[in-house]
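Take a look first, then we'll go through the terms.

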Amino acid sequence: MAVNHEVAASVKLTRTDRLAARIWKSRLDYAFLIPGLLVFGAFIFWPMIASFYYSALNWTGFGENAEFVGLANYRELLQDEFFYAAFRRSFAFMLATVPLQMILGLILAIVLNNKLLRLSTLFRAMIFLPVVSPVAVIAIVMVLMLSPFNGPINGFLLDAHLVDRAVDFLGSPQIALWTLAGIFVWKWTGITLIYWLAALQTVPAELYEAAKLDDVKTRQVIWHIVLPMIAPFAVVIGLISAIAALNVFPLIQATTQGGPFFSTEVMEVYIFRTAFAPASGQFPRLGYASAAGVLFGLSIMVLTIFQAIAVRRTRRKEAEDV
Amino acid sequence: MSNRIYAGLSRRTLLGSAAYLGLAMAAGRAFSQAFGDGGGLPPADGSLRWLDSGGQKGVFIKEYLTKYGEARGIEVVYDGLPWKEIASVLPLGIRNGSAPDTFNLPIGMEPSVAISEGWLQPIDDLIPDFDNWKKAYPNGSFVEGINVFGGKTYGFPFSTERRFNNALLFNQDMMNEAGYDHINADRALTFDEMREAARKITENSGGRSFGFIIGGAQEPRWGNTATMLAQRGGATVGSSGLLEGMDLKTGEFAFDHDAYVAGVELLLAMNSDRSVFPGSLTIIAPQAREFITQGAAGMIIQGPWNIPIWEEKTPNFNFGVSPGPAPDEASLDNPVWVMQLPNSTNMMWLNAKANNAQYAGDFFHWLGSLEGQLAYANVASCADPAIFPETIKLAQLSERAVTMLQMAEKRVRIAPNPFVRNPELSKVAAAYVDPTPNLAQAVQGLFAGQLTDVKATLKKASDARNKALDEAIAKAKSDGANVSRDDFAFAAWEETRDFGPEDYAKQ
Amino acid sequence: MSDTAVASSRSQKVFLTPRRKRQITSIILAGICAVWVYPLIWMIAASFKPNSELFSNQSMIPIDPTLENYIRAWTEANLQRYFFNTLFVTVGSVVITTLAAALAGYVLGRRAFPGKWVLMGLMVFTLFIPQGYTIIPIFQLLTNLGIGQSLWGLMLATCGHNIVIFMLLFAGYFTQIPKELEEASRMDGVGPVKTFWYVMLPLAKPIVVTVVVMQALMAWNDFLLPLVITLANPAMRTLSVGIYSFKGEHFVDWGGMTASSTIAIVPIVLLFLFLQRYFIDGLAGAVKG
C-alpha cells in the first residue's frame with residue numbers, strides 16, 4: 001500500500017520537481033565546485049562577457065564617463081592599419097616560434113632520452129634554466145647581450161668577420177621581431193623538451209634494444225616507429241606551445257615595448273598600449289582595446305576549434321589503426 | 001658638490017643682498033625649525049607618496065622630502081621614474097586607487113583634461129596662508145588655463161619653463177678634434193656643420209664612438225627634437241602638448257613646414273652617414289646620457305638637466321653646450337619658444353583621492369617660499385631652474401650651469417598660448433583624440449626607415465592632426481563651449497620677444 | 001669543436017663503439033648547453049663588473065671585480081620587498097589554485113549532477129583565450145571589489161590563469177580511479193569531505209605536483225597582471241615588475257640591474273635544481289594526463 005502510494009507520487013512529479021530534487025541531492029557536489037567556480041567565473045568567464053560589453057563603449061576607464069557607442073569601435077578597428085599589423089605579427093610570431101621550438105625540443109628529447117647517456121639530467125637542467133628565469137631578467141640579459149655597442153654577441157660576429165657592422169638586433173624594424181622570436185624559443189624550448197620526454201616515456205624501451213648496435217637501424221626505428229607513436233602528443237604539445245606563443249607580451253614589453261615604430265607590436269602589446277599606455281597626448285581607450293581583444297580572441301577560438309578537430313581526427317585514425 | 005663654484009664670481013654677486021644672505025642661512029637650518037610645528041595638520045594616513053620624473057629635481061625632492069617626513073613624523077615615499085613609465089604608471093594608479101598623493105602629469109596630458117576626468121584637486125585650501133604665498137611668486141606663475149582652472153589653483157609651480165629644453169651638449173674633446181672648437185653658447189652649429197661634425201667624430205674614433213646619439217625609444221624625444229630644429233629654422237610653432245607643431249600665427253599645425261622637413265632630413269642624413277649611435281632606437285634618454293659619458297657618442301640634443309648630473313657623476317667628463325643647431329648661418333640667432341613661464345611638466349599636481357593632501361600642501365608651501373626655493377636652486381641648478389629668479393643669483397652654480405641659464409635668457413622666448421587667451425579651450429583638449437602616428441611617431445618611423453618620404457609623411461600627420469582638432473572643436477562647441485579655431489591664431493605676435501599679459505589684452 | 005666531432009664520427013663510423021658514440025654525443029651536447037646557459041652565466045659575471053666596465057670590457061671576466069652592484073641593488077632597489085611580495089603571491093595562489101582545482105576536478109571527474117556538461121562545455125570553450133585579452137575586465141573587477149591595488153587581489157587573479165586546465169587535469173585523473181575505493185570508505189562511514197581529503201587527494205599526488213609546479217612557475221614568471229596592478233605603487237611591486245622598473249633616476253644602472261637579476265633567479269634556480277624530479281614529472285603530467 002505504502003509502496004503504491006510512493007509510486008503514484010513519483011509519477012505525479014513534474015520534470016522541474018525532479019530536476020530540483022536532483023539538484024538538491026547534488027548539493028554537496030556544488031559545494032565542492034564553489035571555490036573553483038568562483039575563480040573561474042571571476043577571472044575567466046566574467047572577463048570574457050565583460051569584454052563584449054566594454055567593447056561597445058567609448059571609455060577612458062577613469063570615472064563614470066563611459067558612452068555607449070554600439071559597434072563603432074569595431075567599425076573603426078576594421079580600418080585601423082595598426083590593428084591589422086599587430087594581428088599579422090602575432091600570427092607570424094606564432095608560426096615562427098612554434099615549429100622551431102617543437103623540432104628543437106624533439107631532437108634534444110630524442111638524444112637526451114638515452115638512458116645510458118651520463119649527464120643527461122644535467123643537460124636537461126641546463127636547457128631548462130631559461131624557463132625558470134623571470135622574463136624581466138631575460139630581457140635585461142638579452143638587451144645587454146645583443147647591444148650593437150660592445151655587446152658580446154656583436155663582438156663575436158665582428159671578430160669572426162661574419163658581419164662588417166654591428167647588427168642592431170632589437171633596434172632594426174626588419175629584424176627586431178625575429179630576434180624576439182629567437183629569444184622566445186631559447187627561453188621556452190626547455191619546457192617543450194620536457195613535454196617530448198614525457199611523450200617518449202610511452203614508447204616501450206625494448207624497441208630501442210633491437211636497434212642498439214646499428215646506426216641505420218636506430219634511425220629507422222626512430223623514424224618509422226617512435227615518431228608515429230608520439231605523433232598524437234605533437235598535437236597537444238603544438239596546441240600548448242601555440243597558446244603560449246600568443247602570450248608573448250611580457251618579453252616584448254620588457255624589451256622593445258612594441259617599437260621601434262610599432263615593428264614588434266603584437267596583439268597583446270597593441271591592446272596594452274591602447275588600454276593602458278597610450279602615446280604622449282593620446283588617451284587610453286578601454287572600449288576600443290576591448291573590441292580589439294574580442295576580435296582577436298574570436299579568431300583564436302576559431303583557430304582552436306580547427307586544431308581540436310585535427311586532434312579528434314588523429315585520435316580516431318589512431319583508434320582505427322589499433 | 002666640490003665641483004660647483006659660486007656663481008657669485010660673476011656679476012650676479014653684486015645683486016645678492018643681505019636679505020638673501022639671511023635666507024641662505026635659513027635654508028641651512030634644521031628642517032624642523034624651518035617648518036615650525038606644522039600645527040593643524042591631521043594625523044598622517046599612511047605615507048606621503050610623491051612621483052616625478054626624477055633627474056636633478058628628484059635628487060632635491062628625495063633629500064628634502066625625507067627630511068620633511070622626519071620633521072613631521074610622516075613616512076614619505078619618493079618614486080622617480082622615466083617619463084615613459086609615468087605615462088602608464090599614473091593612469092593605472094588613478095584607476096585602481098594606488099596613485100601617489102602628488103605627481104607629474106604624463107607628457108602631453110592637458111591638465112584641464114585630467115581635471116575633467118576627476119584626477120586632481122585644487123591646492124588653494126591646502127596651502128597655509130594661500131593668498132600671501134601666491135603673491136610672493138613672480139608675475140605669470142599662476143595662469144588661468146595653465147595651472148589655474150576656473151579660478152582654482154591645481155598645478156604647483158616651482159621651476160621655470162624658460163630653459164633651453166633641446167640644447168646641444170657635446171664631448172668637448174671630440175668636438176675639438178673634429179675641428180669645431182669654436183662651438184659654444186654664442187655660436188651654434190649649422191645643419192651642414194652638425195652633419196659634418198658627426199661624421200668626423202665617428203671617423204676619428206675608428207669605430208669606437210659615434211657622432212650623435214638620441215634616446216629614441218622614448219617617442220616624445222623625436223617630436224621635441226624635430227620641433228626645436230623647426231623653430232630654429234624659423235617655424236613659429238608651439239613646443240609642447242597639444243600645441244606642439246602648431247603655427248601660432250595661423251593656428252594650423254605645420255609639421256610639413258620646410259623647417260620641419262629640413263630638421264628631419266638632418267637626422268636622416270646623419271643616420272645614413274652611419275654617424276648615429278647604433279641602438280639609438282632601443283634606448284631611453286637616461287641610457288643615452290650615460291653612453292655620452294662613456295665616450296660612445298659625441299653629441300646629443302637634450303636639456304640642461306644633463307649638466308648637474310654629469311658634473312656630479314662624472315666630474316672628469318669634459319663637455320660643452322651650445323644652442324641647438326640652425327639650418328644656416330643666417331638663422332643662428334633665431335629664438336626658440338616655450339608656452340608659458342612656469343614649467344608645466346615639472347609642476348606637481350595633487351591627487352583628488354590623496355591620503356595626505358594637507359601634508360603635500362604643507363610641503364608645497366615650504367618649497368614655494370623664498371627659503372624653499374633657495375634650497376631648491378642650490379641642488380637643481382640649471383636643470384630645472386627655480387621659478388624665483390632672485391634665488392638663482394645666490395645659488396651655488398657651476399660655470400656651465402650659468403652659461404646655460406644665460407643662453408636661455410638670451411634665446412628662449414615665451415610664445416602666446418591659446419589656452420591662456422580662452423580657458424574654455426580646455427574642453428577642446430578634453431574632446432581631442434590624437435591620431436596615430438603623431439608627430440613623434442612619424443619622425444621615429446622615418447628614422448627607423450619604416451616610413452619614407454619625409455614631406456609626405458609629415459604632411460599626412462599634420463593634416464590628420466588638423467582634422468582631429470577641428471573635430472574636437474566641433475564636439476566642444478556642440479557641448480556648449482564658446483570656442484573657435486581662431487582662438488589658436490595670434491597673427492600679430494612679434495616672435496622675438498615674450499608674449500605677456502598685456503599682449504593678450506591687445507589681441 | 002662540434003664540426004670536428006661530426007667529421008670524425010663520419011670517418012670513423014666503423015670503429016665507433018656505442019660507448020664512444022655516447023661520449024661524442026655528450027661533448028656535442030655539452031657545447032650546446034654551454035651556449036644555452038651562456039647568457040645567464042654572462043649576466044652573473046657582469047654583475048661583478050663596475051658600471052664603467054660593462055660596455056668597455058668585452059671579456060666576461062671583470063677586470064676590477066666589485067660587490068657594489070649588489071649593495072646598491074639590495075639597499076636602493078627594495079629587492080627584499082619585491083622578493084617577499086612575489087613569494088606571497090606565488091605561495092598563496094598555489095595553495096588556492098590547487099585546492100580549488102582538486103575539489104572541482106573531483107566532482108567533475110566522478111560525480112553526475114545537473115548542469116555538469118554545460119559547465120564542462122563552457123570551460124573548454126574558454127580554455128584558449130589568452131590572458132592578455134581579458135586584462136581590462138580583470139583590472140576593473142579587482143578595482144570595483146576594492147582589491148585592485150592589493151597583493152590579495154593580485155594573488156586571486158593569478159589563480160585564474162590556468163584554473164580550467166587544472167580542473168580538467170584533476171577531472172581526467174579522478175575518472176580513472178576505481179569506484180570501489182570511495183564505496184569502501186562510505187561503508188566505513190567516512191563522510192564525503194573526509195573521503196576526498198584522506199583518500200582521493202593523496203591518490204592524485206602526481207596531478208597535485210603538476211598543478212603546484214605549473215602554477216608556481218606561472219606565478220613567479222607572471223608579468224602583465226602584476227604590471228597593471230602593482231606598477232603604480234613601489235611597495236607592492238613583484239620581482240619581475242620591480243626589476244623592470246629599476247632604471248635609476250639619472251643613468252640606467254646596468255650593474256645594479258644585473259645584480260638584482262642575479263638575486264632574482266638564484267632562489268628559483270636552486271629550488272628547481274633541488275626539486276628537479278618534481279618539476280619534470282609535474283610538467284610531464286600535463287601532457288600525459
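What follows is a set of questions and answers on those labels.

This is a predicted model, where local features need pLDDT of at least 70, side-chain atom pairs count only at pLDDT 80 or more, and totals for chains, interfaces and linings use all residues. Residues are numbered from 1 along each chain as its sequence is written, while chains are lettered from A and ligands numbered from 1 in the order in which they are written.

Q: Why is helix 11 of chain B called roughly parallel to helix 20 of chain B?
A: The axes of helix 11 (residues 258-272) and helix 20 (residues 439-448) of chain B cross at roughly 30 degrees and come within 9 Å. Angles under 35 degrees count as roughly parallel, over 145 as roughly antiparallel, 65 to 115 as roughly perpendicular and the rest as oblique, so helix 11 of chain B is roughly parallel to helix 20 of chain B. Axes here are lines fitted to C-alpha atoms, for helices over the stretch in contact, with angles running from 0 to 180 degrees between N-to-C directions. Helices (H or I, at least four residues) and strands (E, at least two) are DSSP runs, numbered from the N terminus.

Q: Which residues meet where helix 11 and helix 20 of chain B touch?
A: Val264(B), Leu267(B), Leu268(B) and Asn271(B) of helix 11 meet Val443(B), Leu446(B) and Phe447(B) of helix 20. Being in contact means that the C-beta atoms, placed from the backbone, lie within 7 Å.

Q: What makes strand 11 of chain B mostly covered?
A: Six of the six residues in strand 11 (residues 297-302) of chain B are buried. A residue is buried if 20 or more other C-beta atoms lie within 10 Å of its own, exposed if 12 or fewer, and partly exposed in between.

Q: How do you know that strand 7 of chain B pairs with strand 11 of chain B?
A: Pairing takes at least two bridges found by DSSP, and strand 7 (residues 167-171) has four with strand 11, in the antiparallel sense. Strand 8 (residues 210-213) of chain B also pairs with strand 11, in the parallel sense over three bridges.

Q: Why is His161(A) called exposed?
A: His161(A) has 7 other C-beta atoms within 10 Å, so it counts as exposed. Phi of His161(A) is near 55 degrees, a positive value in a residue other than glycine.

Q: What makes Asp453(B) exposed?
A: Asp453(B) is exposed because 10 other C-beta atoms lie within 10 Å. Asp453(B) sits in the loop between helix 20 and helix 21 (454-478) of chain B.

Conventions. Two residues are in contact if their C-beta atoms, placed from the backbone, lie within 7 Å.
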